[in-house]
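Here is a short report on one protein chain. Take a look at the model first, then read on.

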Amino acid sequence: MIYTCTIAPSIDYTVYLPEFAAGKLNRADSVFYYPGGKGINVSRVLKRLGSDSKALGFAGGFTGQWIEQFLKDEGIASDFIPTDETTRINVKIKSKEETELNGPGPEPDADQLGLLTAKVKAMEKGDWFVLAGSLPETMPDTIFSELSSICEAQGIRLVLDTSGPALKKLVESRPFLIKPNLEELGELFGKELTGREQAYECALELVKKGVGHVIVSMGSEGALLVTEHNAYSAKAPIGKVVNTVGSGDSLVAGFIASFSQYQDVQKAFRCGVACGSATAFRSDLCEKAGVEALLEQVEISQFDGQDV
């Protein structure tokens with residue numbers, strides 16, 4: 001079973017308009033409402049690819065209920081831990097420039113964190129636990145260490161798609177997969193990275209520390225995958241970018257969906273990159289038909305550490 005966990009879910013209110021003027025009345029051409037949060041995005045893409053999952057996290061208030069109902073309508077199981085806080089609404093303004101206004105995430109108490117720990121303990125060997133999105137600094141570091149220790153002890157495949165201090169601690173727990181972008185990978189090593197060669201060097205260091213698979217997403221430049229035995233570079237398909245939100249999450253979902261079915265790392269990497277691109281080329285997350293149309297356009301090659 002695949003479990004995704006979004007600590008701070010949201011409703012993403014996305015607004016499209018030709019120009020945005022601060023301090024003035026702006027009228028949108030179109031608006032969209034979607035459940036937001038990286039783990040939720042992974043669950044939604046998994047469903048579209050034919051893989052079931054269960055969405056975990058913390059949700060409360062009328063917005064939390066809306067998210068649960070939305071997922072139910074899409075055929076996605078959820079098991080959110082209720083909170084007294086109303087789940088946030090994030091505003092995404094799509095104009096000549098993108099502007100975002102994100103609300104504060106929840107602050108789970110000890111009892112709520114204990115419930116999350118219990119859910120992870122109930123998982124079985126071979127299950128996937130995808131911990132994605134921002135991890136509040138108010139949460140004790142021990143909770144992440146405990147969750148990763150449970151995964152390692154019980155043979156649960158831990159997937160991390162987060163950043164900051166929490167990621168730095170969690171990479172020591174030998175996760176199955178992490179997916180930083182170039183900037184997030186640089187933050188782990190305290191330096192700015194500028195290309196595949198530097199990304200490869202840092203990713204290889206993480207693999208040597210026990211991370212099973214490191215995928216570095218690089219937007220229109222594609223992605224890089226480094227494992228203990230192989231490294232692959234992917235060139236992304238060419239298309240008009242409509243929406244970058246959820247592209248990285250789609251990459252993670254595509255990799256998991258494919259790997260779960262075929263246990264082929266290169267095939268899974270191709271599927272992941274196709275999913276990320278398919279999402280970038282539309283206003284919502286990718287659909288299976290869009291992914292399949294792009295699969296053959298993803299160019300995968302062995303990478304020896306030198307960009308040519």
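This is a predicted model: local features need pLDDT of at least 70, side-chain atom pairs count only at pLDDT 80 or more; totals for chains, interfaces and linings use all residues.

Residues are numbered from 1 along each chain as its sequence is written, and side-chain values use heavy atoms, with hydrogens and water left out.

**Salt bridges**

Side chains of opposite charge can pair when their charged atoms come close. Here a salt bridge means a side-chain nitrogen of Lys or Arg within 4 Å of a carboxyl oxygen of Asp or Glu. The count comes to 14 salt bridges. The table gives some of them.

| Pair | N to O distance |
|---|---|
| Glu19 and Lys96 | 3.3 Å |
| Lys38 and Asp249 | 2.7 Å |
| Asp284 and Arg48 | 3.0 Å |

How exposed are the partners? Buried means under 20% relative accessible area, exposed means over 50%, and partly exposed lies in between (1.4 Å probe, protein chains only). Glu19 is exposed at 53%. Lys96 is exposed too, at 68%. Lys38 is partly exposed at 27%, while Asp249 is buried at 3%. Asp284 is buried at 10%, and Arg48 is buried at 15%.

Salt bridges with shared partners join Arg44, Arg48, Glu74, Asp284 and Glu287 into one network.

**A helix pair**

Helices (H or I, at least four residues) and strands (E, at least two) are DSSP runs, numbered from the N terminus. Helix H8 spans residues 247-262 and helix H9 spans residues 265-280. They pack at an angle of about 150°, with their axes 7 Å apart. Axes are lines fitted to C-alpha atoms, for helices over the stretch in contact, and angles run from 0 to 180 degrees between N-to-C directions. Contact means heavy atoms within 4.5 Å. Among the residues that make the contact are Phe255 and Phe259 of H8 and Phe269 and Val273 of H9.

**A buried residue**

Val216 lies in strand E12 (residues 213-217). Is Val216 buried or exposed? Val216 is buried, with a relative accessible area of 0%. Its contacts, not counting residues up to four places away in sequence, include Pro180, Leu182, Ala199 and Leu224.

**A surface patch**

Val31, Tyr33 and Trp66 make a nonpolar surface patch of about 270 Å². Patch residues have over 30% relative accessible area and no salt bridge; like charges are joined within 9 Å, nonpolar side chains (Val, Leu, Ile, Met, Phe, Trp, Tyr) within 5 Å. Accessible areas come from the Shrake-Rupley method with a 1.4 Å probe. Tyr33 sits in strand E3 (residues 30-36) and is partly exposed at 47%.
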